[in-house]
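Subject: Structure handover

Hello,

Here is the structure for you to look over. My notes on what was found follow below it.

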Amino acid sequence: MPISKDQKHKKYIYLFTDPNTHVFHTDMRSLEDLRKSSGGETVQPPGDLKDLFPNGIPTTREGINQYIVTVDVPITRKDGTKTTAKVTVHKGIVDNLRKVLQEAQDAGFKVYEIQGFSWRKVSGTSKMSQHSLGLAVDINVKENYCVYPSSGKVDAGSFWKPGQNEYSIPTDGVLVKAFKSIGWGWGGDWKSKKDYMHFSFTGK
């Protein structure tokens with residue numbers, strides 16, 4: 001089924017799922033062309049990702065390296081010291097990430113740990129994580145676990161106790177609000193899995 005239609009120009013946009021990535025293409029290209037593109041060096045990105053990957057999303061670590069930078073961002077140590085930490089992310093999100101973390105610091109929420117780029121697959125799947133694109137960060141991992149509510153299985157971290165633990169991220173707190181103000185998504189809003197440490201540009 002097409003996910004959108006342009007009746008005037010008789011164009012349709014479909015979504016096909018590859019084991020490693022999501023690929024958008026129009027009906028002006030054949031499915032065979034799509035398969036060839038998803039097996040090459042790049043795939044055509046959907047939506048705003050075109051601004052971050054103007055030549056297509058690289059499908060290899062070597063290809064993604066041209067977009068990745070290591071920068072200093074504001075954090076607050078557990079002892080209350082305001083300082084900076086290094087994080088590796090896509091160069092196109094640096095300013096917004098710094099803005100969000102500065103808002104959190106100014107409001108008194110302690111982001112003492114932040115993790116960014118990591119070339120890896122989503123746990124339990126064959127899909128590449130948003131961390132592999134440099135478009136996701138994990139914050140205060142221990143106190144903001146990744147858990148499957150139905151089974152109680154924990155993928156990472158130890159617990160999530162907002163209101164009881166000062167490093168756990170509150171649902172309506174400054175950090176979630178700040179990330180959402182720049183259009184990012186929070187893993188705490190997901191349904192079948194809750195990833196309270198995780199924020200990403202795409203919401204995935």
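At 16% relative accessibility, Lys110 counts as buried (buried is under 20% relative accessible area, exposed over 50%, partly exposed in between, with a 1.4 Å probe and protein chains only). Its salt-bridge partner is Glu166, at 3.6 Å, N to O (a salt bridge is a side-chain nitrogen of Lys or Arg within 4 Å of a carboxyl oxygen of Asp or Glu). Lys110 sits in the loop between H4 and E8, and Glu166 in the loop between strand E11 (153-160) and H5, so the pair ties together parts that are 56 residues apart in sequence. Glu166 counts as partly exposed, because its relative accessibility is 46%.

Before you go further, the ground rules. This is a predicted model: local features need pLDDT of at least 70, side-chain atom pairs count only at pLDDT 80 or more, and totals for chains, interfaces and linings use all residues. Residues are numbered from 1 along each chain as its sequence is written, and side-chain values use heavy atoms, with hydrogens and water left out. Helices (H or I, at least four residues) and strands (E, at least two) are DSSP runs, numbered from the N terminus.

Other salt bridges

A search of the whole structure finds seven salt bridges. One of them joins the side chains of Lys78 and Glu143, at 3.4 Å, N to O. This pair links distant parts of the chain, 65 residues apart. Lys78 is in the loop between E6 and E7, and Glu143 in the loop between E9 and strand E10 (144-148). Lys78 is partly exposed, at 42% relative accessibility. Glu143 is buried, at 2%.

Another salt bridge joins Lys99 and Glu103, at 2.8 Å, N to O. Both residues lie in helix H4, four residues apart, about one turn of the helix. Lys99 is partly exposed at 40% relative accessibility. Glu103 is partly exposed too, with a relative accessible area of 30%.

Helix H4

H4 covers residues 94-107, 14 residues in total. From first C-alpha to last it reaches 20 Å, close to the 20 Å expected at 1.5 Å a residue (the expected span is 1.5 Å times one less than the number of residues). Which residues of H4 are buried? They are Val94, Leu97, Val100, Leu101, Ala104 and Gln105. Seen down the axis of H4, they fall within an arc of 135°, so they line one face of the helix (the arc is that of the directions from the helix axis to the C-beta atoms).

These buried residues pack against strands E6 (68-76), E7 (82-90), E8 (114-115) and E9 (136-139), and against helix H5 (174-181) (contact means heavy atoms within 4.5 Å). The face turned away from the buried side carries the exposed residues Asp95, Asp106 and Ala107. Gly108 follows H4, with a positive phi near 95°.

Strands

An open sheet of four strands has the order E8-E9-E14-E12, with antiparallel pairing (two strands pair if DSSP finds at least two bridges between them). E8 and strand E12 (185-186) stand at the edges with a single partner strand each, so one side of each is left without a neighbour in the sheet. Two bridges pair E8 with E9 in the antiparallel sense. Ile114 stands opposite Ile139 in E9.

E10 and E11 run antiparallel, joined by four bridges. Cys146 stands opposite Ala156 in E11. The two strands form a hairpin with four residues between them, and Gly152 in the turn has a positive phi of about 80°.

Best regards
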